[in-house]
Amino acid sequence: MMLARVADSLYWIGRYVERAEHMCRLSDVMLNATLDRSEAASQVARIALAAVGDPDVAKAKNPYDAARALALDRGDEGSIFSSIALARENARQVRDQITTETWERLNLIYLRMSDPEAGRSFEDGSQLFLHDTIADLHLFKGAGDATMSHGEGWSFLLLGVYLERAQLIGSLLEVVFGEGRRRRPISDHFALTSVLRMGCALEPYLRAYTAEMQPRLILQFLMLDEDFPRSIRFCTQEIESHLSAIIRHAGMAGSVGPDRLAGRLRARMQYADMDEIHAQGPSAFLKTVLDECAAIHRSLYDTFVAYPLEDRLPA
Amino acid sequence: MSVRRDEPALNVAAPIVAPYDEMLTPDGEVRPHYAALDARLSTLSTEELAERQRTQERFFLLQGITFTVYGAESSTERIIPSDILPRIIAAAEWARIEAGLTQRLRALNMFLADIYSEQQILMDGVVPRELVLQAPSYRREMQNLYVPHKAYANVCGSDLIRQPDGAFAVLEDNLRVPSGVSYMLANREASRRVFPGTFRGAGVRSIDRYPDLLLTTLKSMAADWRPNPQVVVLTPGVYNSAYYEHAYLARLMGVPLVEGRDLVVHDNMVYMRTTTGLRRIDVIYRRVDDDFIDPLTFRRDSSLGAAGLFNAYRAGNVVICNAPGTGVADDKAVYAYVPEIIKYYLGEDAILPNIETFLCREPAQLSHVLGNLDKLVVKAVGASGGYGMLVGPHSTKAQQAEFADALRADPGNYIAQPTIQLSTAPCLIDHAVEARHVDLRPFILSGEKIVVTPGALTRVALRKGSLVVNSSQGGGSKDTWVLSETKGDPK
């Protein structure tokens, strides 16, 4: 049993920390590209900016400024700072529900990013700054995993993490592999490596498919790999299992909507066929995936958070 | 929160008495219960002390023990300064405080039970009837309402000060929604890290059971009709300055922290919205003021409580702690009668004295006040937080004249007290140990029985010479060590 508002906040903590981590990684890859070749750098920057949903292509000409704004812009709701601040604000509202160890990790990240000196730390070593933030976000999840009870609240938090992750990776793949944008397919080795880095997938990919960078294999890996924690398939497995845990806690088995949606999406990913996906174009498949993620989110709200009171009043 | 005045200027006619020093005797010798701390301090360099102070500040910041300062455009979070040097109270002194506080709260609960039922004390003329019934904090809605164990003020935080002669006196009772207990607990956690050896050796009494005792107290309020009552903490929300404390207590008690929007009242039962539907609530430890708990009964514009909550309370289906209407017993004018109230119900003299208080509603006292406006502190009865106050020694002639008019126009609305001298305790100020003024806020629980936690929040006026201990005005806090019987008593 937990308060609906608390479940909501835990879920959003999960979403915001995942978003922050993903943005850090995109920025990091973008900055890393500037160290290499300028042509590839702007291509990578374009991918990264498109993946975070920034329509302003001109920013890709100056990846450093784009990364700095993405990290620290307080006025931008999509910045890393805003995501961290919102995650922490949610955590503050459910401070009684998360352990001190977990809270401290998140608070630490917030304190560093909100420090008046944060801008200078970023300028002194932007990649180190982003790297530290990612590492601290890992520590936050690790502290939660090691100290929080793995009950209903934990499941809501992870549901947020995996739904967000599935949608972020889905958007990234749409930018890179979607056919709707009339761009030349990305074939450059450096750009493809950067895409894998954005999904934190380079090393696991290399072990699975060696250093041969094939767009099709990259798409397959990030979408359908069973064991890689950032593949969409893996996310859907986690979404399904955390939803069924929540439903078990609630004693509502067999009567709710979100688990049916989650099961269907998981099955879709589990039994997907790459040839079929290519035949109809990855965009259509990715759109279905993203739509179903959004439907799970809505259904989750209708069932556990914003349910109509009339249905639940005692007789 | 009470507001203290600044130290009187030197030209004040009243004799200046040296404040009581918590650590040193007038001859400059260290009091026995401070000996261990003093010995430890002499082995630490100023740099080491400063390092410990930084460690402590970092602990508070990391824990998020902050209050929010709202600016024009943005708001910032600040920590409440916490001084690393503990304030120490010897066992015998504490025994007296404990007895005095227990006696006082017993009498005040009896007073509340009386004025909200038979009103015997008013009929006997011990406390003037209109003083009670016309107080803004008096709630006629509470009349004849059953309160288990007659425990109206389940959590009480009284502000004590130590007078120049070394005796503790009560400056103010706080029976509404007293706060600060989380600072008491956090300061303890911090000081255990800063002075582990001294702490172990000193025989400090434990305060760790506070959350557990609070829960027991709250549960005892519903014990006769619910074997295992569902307790919740009701907070105004994350933007309240005491939010950290609300979350902290809920976490340590292991009960849900709810906001008004989580509550649903249906058929005179109170429920909270959970992920699995509605769940019944039996006891609400509310940290929301009386005015805001139920828009149907009290303030209509409040969204911090739940509509219908008070009716559920009246129906006996939920307990609200503290009971609404307790504020009438800590009213500034009623305060003056507390020694008589104790005498009336318990037949005892007050163990802890009051500060001398002049009631302007009495003509003789009014004329005394009017003649001494430059020396006294005048407070409006209904106001708090330092508003409607005249600090005589710091006022201009024009302000005094203005207050004189107000006093004559509505004498019943004012009380006056002499300028109080707070005791001083050693504090770490800019790498050096200096004396600063302190007060003492112990916390008393009352349910089935009354329990005084052997510890307190010591608030510190960090500015030199200042007597203002409020956190909003340069005040800080420090840990308070109450020593056990065998340690630290004067030989």
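Q: Is strand β18 of chain B enclosed or open?
A: Largely enclosed by the rest of the structure, because five of its six residues (residues 424-429) are buried.

Q: What about the open sheet in chain B, what's the strand order?
A: The order is β14-β17-β15-β16, four strands with antiparallel pairing.

Q: How many bridges link β15 and β16 of chain B?
A: Three, between strand β15 (residues 376-380) of chain B and β16(B), again in the antiparallel sense. On β16(B), V391(B) is the bridge partner of V377(B).

Q: Switching to chain A: how many helices and strands does it have?
A: Chain A has 15 helices and zero strands.

Q: How does its radius of gyration fit with a compact globule?
A: It agrees: a compact globule with 315 residues would have a radius of gyration near 20 Å, and chain A has 20 Å. The C-alpha atoms of chain A fill a box of roughly 70 × 50 × 35 Å along the principal axes.

Q: What share of chain A is buried?
A: 48% of its 315 residues count as buried. As for contacts in chain A with a separation of 6 or more, 71% of them come from residues 24 or more positions apart.

Q: Where do the two chains touch, and how many residues are in contact?
A: On chain A, 24 residues are in contact with 23 residues of chain B. α1 (4-34), α4 (80-93) and α5 (100-114) of chain A each supply at least two residues of that side of chain A. α5(A) gives the most, with five residues.

Q: What classes of residue are on that side of chain A?
A: The side of chain A that touches chain B has 14 nonpolar, three polar and seven charged residues.

Q: And the largest nonpolar core, which residues have the most contacts inside it?
A: M30(A), A48(A), I284(B) and V334(B), in a core of 238 residues. α1(A) gives the most to this core, with 17 residues.

Q: What is I284(B) in contact with, leaving aside neighbours within four places in sequence?
A: V232(B), L234(B), V318(B), V319(B), I320(B) and C321(B).

Q: C321(B) again! What kind of peptide bond joins C321(B) and N322(B)?
A: A cis one, with omega about -15°. N322(B) sits in the loop between β13 (319-321) and α11 (332-335) of chain B. As background, most residues other than glycine have a negative phi, and most peptide bonds are trans.

Q: So what is phi for C200(A)?
A: Near 55°, a positive value in a residue other than glycine. C200(A) lies in the loop between α9 (189-198) and α10 (202-209) of chain A. C200(A) counts as partly exposed because there are 18 C-beta neighbours inside 10 Å.

Q: And where is H149(B)?
A: In the loop between α5 (129-133) and β4 (155-157) of chain B. Phi of H149(B) is near 55°, also a positive value in a residue other than glycine.

Q: Last topic: what's the average pLDDT of chain B?
A: It averages 88, and 92% of the residues score at least 70. For the complex, the predictor gives an ipTM of 0.84 and a pTM of 0.88.

Q: Where in chain B does pLDDT stay under 50?
A: Residues 1-15 of chain B are one such stretch, and residues 487-491 of chain B are another. Where pLDDT is low, the predicted coordinates should not be read in detail.

Definitions and conventions
Residues are numbered from 1 along each chain as its sequence is written. Chains are lettered from A and ligands numbered from 1 in the order in which they are written. This is a predicted model: local features need pLDDT of at least 70, side-chain atom pairs count only at pLDDT 80 or more; totals for chains, interfaces and linings use all residues. Two residues are in contact if their C-beta atoms, placed from the backbone, lie within 7 Å. Ala, Val, Leu, Ile, Met, Phe, Trp, Tyr, Cys and Pro count as nonpolar, Asp, Glu, Lys and Arg as charged, and the others, Gly among them, as polar. The radius of gyration is taken over C-alpha atoms; the globule rule is 2.2 Å times the number of residues to the power 0.38. A residue is buried if 20 or more other C-beta atoms lie within 10 Å of its own, exposed if 12 or fewer, and partly exposed in between; C-beta atoms are placed from the backbone. pLDDT is the predictor's confidence in each residue, from 0 to 100. A nonpolar core is a set of buried Ala, Val, Leu, Ile, Met, Phe, Trp, Tyr and Cys residues joined through C-beta atoms within 7 Å. Two strands pair if DSSP finds at least two bridges between them.
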